[in-house]
Amino acid sequence: MADAPGWSAWRHALKHSGERRLLVLAGSQDWGIGTARRLTDDQSLWLGEGPDECHPIPANKVGRYLGREYPSLIFNAHSGLHPDAFGAALGCLAAGGVALLLCPPLDDWPDYADPDLSRYVALSEQARGLTSHFIHRFCRILLSDPKVLLWRQQAPPPPFPPLTGAHWQPRRDRHGCLSPDQRQALAMLLTSARRRQMMVLTADRGRGKSSLLGLAAYKLAAGGLRLLLTAPNPGAAAKAQEHARGTLDFIAPDLLLDTLPPADILLIDEAAAIPVPMLTRMAQHYCCLFATTEHGYEGTGLGFQLKFQQRLDSLAPGWCSYRLGTPARWSRRDPLEPLVFRLLALDADPASPPEQGRLQLRWLGQDRLASDETLLYQLFGLLTLAHYQTSPSDLRYLLDAPDTEIVLASQDDIPVAAMLIVREGGLDPALGQAVWRGQRRPRGHLLPQSLAFHGGLPEATGMRYGRIMRIVVHPRRHGQGLGSQLLARLQQHYTGRLDFLGASFGATPELLRFWQRNGFSLVRLGLTADGVSGHHAAMLLAPLSPAGEQCLPGWQALFQANLSYFLQDALAGLPPELVAQLPRPDSARVVNPDNDRRIAHDFAFAHRDFSADKPTLARFVAEQAATANLEPRQHKLLRQALLPGSQVERLAGTFGLAGRKAVIAQLRAVFQRLLAGA
C-alpha cells in the first residue's frame, strides 16, 4: 500500500470528501513501525514507542496536544491501549487524515501482555496471563466496521475503499463561521458577554468551539472590552488564540487565581478539564464564557455537567447555554467519530426504568458484559450517571480489572440500579507490614492501605473488604429507597464471605447521613480536599464477620481520638454542616497505647507519614516522662511541630532547615532519641 501509486491519490480524495479513516496494522511491532514510517511524514503525531526521528510521546501525555490538528497520527498499542489517550488522539486528526493503529495480530491481541493492564491490577505480576475482555470487544467492533482498513502482516495491503459524496470544503462567512450552527453560537457568545451574562458552550470534538471563543474575543476586544483566556494548558488555548488574532493572552488557571488580574470577560476553554473548585472561584470573580467538550476523554466532562453547572445556578442565575452539533473540522459523513464512540461507549445511555416492579439482583461476569452490547451500554450509562469523573478507562476497568464484581438491579428486565464492588485486602503479612511502615504502595487496595498507613491500623491490611466503587440509582427512581435496599441485600450476600463492606467518597453531609443510616461507620477522613470535587475523602465500613465486629470499635476509637486533634489542625476549615455529621469521641472507647507506641516507633525508624500520625505522636509524647534526654533545640522543634495548626514548611524557616524533608528527618531523629530513652 505504501508504495502503491494509488495511496497519494486516495489520500487526496479522502481530504476532498472531508472524511477520516482508521488503518489497523496488525502484526509484530517492528513490522508495524516500519510500515507506519513509510505511510506517514514528519508532520504526524506519534503516540507510544517509535523511532526517535518521529518524536514519539507516551500515550498518556496526549492531553497537551488537544486543540491541535495533524494529517496523520500513529497510535502504537504495543506500548499499551490507553482508552482515554486513544479517544483524545483521534480527536486531533484533521479531515482527510488517517490514524494508524499498531497492534498485535487480532486473534492474539486479547491475550497480549498489554502494558496498560498494569493500571488495573494491584501488583504487576497479576497482569500476566490476563485475557482482556476490553480488547476482545475492541477487536470485534473493528472487524465489524466496513470503513476500517485492516492490514495483516504477511497479507497483501487492503484495497483502497471507494469514496463517494459531494466535495467537502469548509468556507467561512463574513463573521468567520463555518455553519449556521456556529453563527448562532457566536451571536450568543457576543450577546452574553455584552450583557455580562455567563454562558456555557458545549460540543463534541471537531465542532469549532475553541475557534468561536477566539472569534468572539476578537470582536469583543475591538469593542474595548478587557479579556483573559485560560485553559488546562497552553496547547488547549492555541486555537482560540489563533482566531483572536493577537488580542488574547493566555494565563494558567493557578496563576489567574493567585493574581486575579482585572478583566471584563474571562474565556475558559476545555473547562471540563479544570477542577470544579477552581472554576467556582473563577465564576465568583469574573463574568465567564465557558467552552467544554461534551463527551470528554479527560474523564471530567460530566463533572462540569453534574457538579459545576449546579453551582452556576446559584452563582449566576439566568446563565445561558448552547450546544454545537455540526462538525466543523470534518464532514458529517466522517465514519471515524461514530467508530470511536462505539469503541469507547462514549454515548452510553441507560434505559428509562419502569415506575415499579420487583427488584431483581444479578452478578454479571465480565465476559458476559463484553459480549452483550445492549447490557454494557445500559450498565455503563448508569455508572456514568453516578460519578462525574467517569472516563473510557473506567470502561476498560469494568471489563478487565480482576477482583471486580458487578451487581445489576433490574425491574422488568430494565436496569434501574448498579453497583461496582472491588475485593481488597488479605495482603501477605510481609507486604502488609511494608505498607504500614510506608515502604510499599502497591496499586489498588485503597481501603486496607489507607487505613493502615494513614489511619494507623496495622491489622487493616490482613482484613478482607468489598469496596463499593460505584452505587447508582437511575435518577427517575431516586427517593424511593432503592439505594438502601441494595446495600441491605449486599450486606446479606457478603456476610461471612468478607470482613467488611466499605466505601470511599467525597464527604458531604447528605452522603454521610445516607451511609450511616445504612449501618456504615466513619473510620477515616482525608486531610486534604480533592482537587476536582473540593470534598474530603470519607471512608466508612460495615462489619460482616466476627473479626470485623471485633476490630471496628478500636478502629473507631483511634479515628475519633485523632479527629479531635485534626479539627484543630488540618480539618479546621471544614464546613460546620459537615462537622455536625462527624462522630464525637466516646470515653468508653480507649485508644490502645501499644498502637500509639508502634506508630511512634515506625515514624522514627521507617517512613510513616508525619501529617497523618501527628495526633498520635502528640499523644505519645504527652505520656512520656523521658523527654529530658532531648537537646533544647530538639525539644523546641518537637513541641512546635506537634502543636495543632503548625506547618512543616514554616518550621523549616524557623529552624534554618532546607525544607520539608529536612524537618521530617530531624523529627525522625528526635523520636529515635526519645524512644531510646523511654
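**Exercise 1.** Decide whether phenylalanine 160 counts as buried, partly exposed or exposed at 29% relative accessibility.

*Solution.* Buried means under 20% relative accessible area, exposed over 50%, and partly exposed in between, with a 1.4 Å probe and protein chains only. At 29%, phenylalanine 160 therefore counts as partly exposed, whereas tryptophan 10, at 7% relative accessibility, counts as buried.

The model is predicted, so local features need pLDDT of at least 70 and side-chain atom pairs count only at pLDDT 80 or more, while totals for chains, interfaces and linings use all residues. Residues are numbered from 1 along each chain as its sequence is written, and side-chain values use heavy atoms, with hydrogens and water left out.

**Exercise 2.** Classify the ring pair of phenylalanine 75 and phenylalanine 86 from the distance of the centres and the angle of the planes.

*Solution.* Rings of Phe, Tyr and Trp (its six-membered ring) pair if their centres lie within 6.5 Å, and planes under 30 degrees apart count as stacked, over 60 as edge-to-face and the rest as tilted. Here the centres are 5.4 Å apart and the planes stand at 85 degrees, so the pair is edge-to-face. Phenylalanine 75 lies in strand 3 and phenylalanine 86 in helix 3, so the pair ties together parts that are 11 residues apart in sequence; helices (H or I, at least four residues) and strands (E, at least two) are DSSP runs, numbered from the N terminus.

**Exercise 3.** Which residues do ring pairs link into a cluster?

*Solution.* The cluster consists of Phe75, Phe86, Trp109, Phe134 and Phe138.
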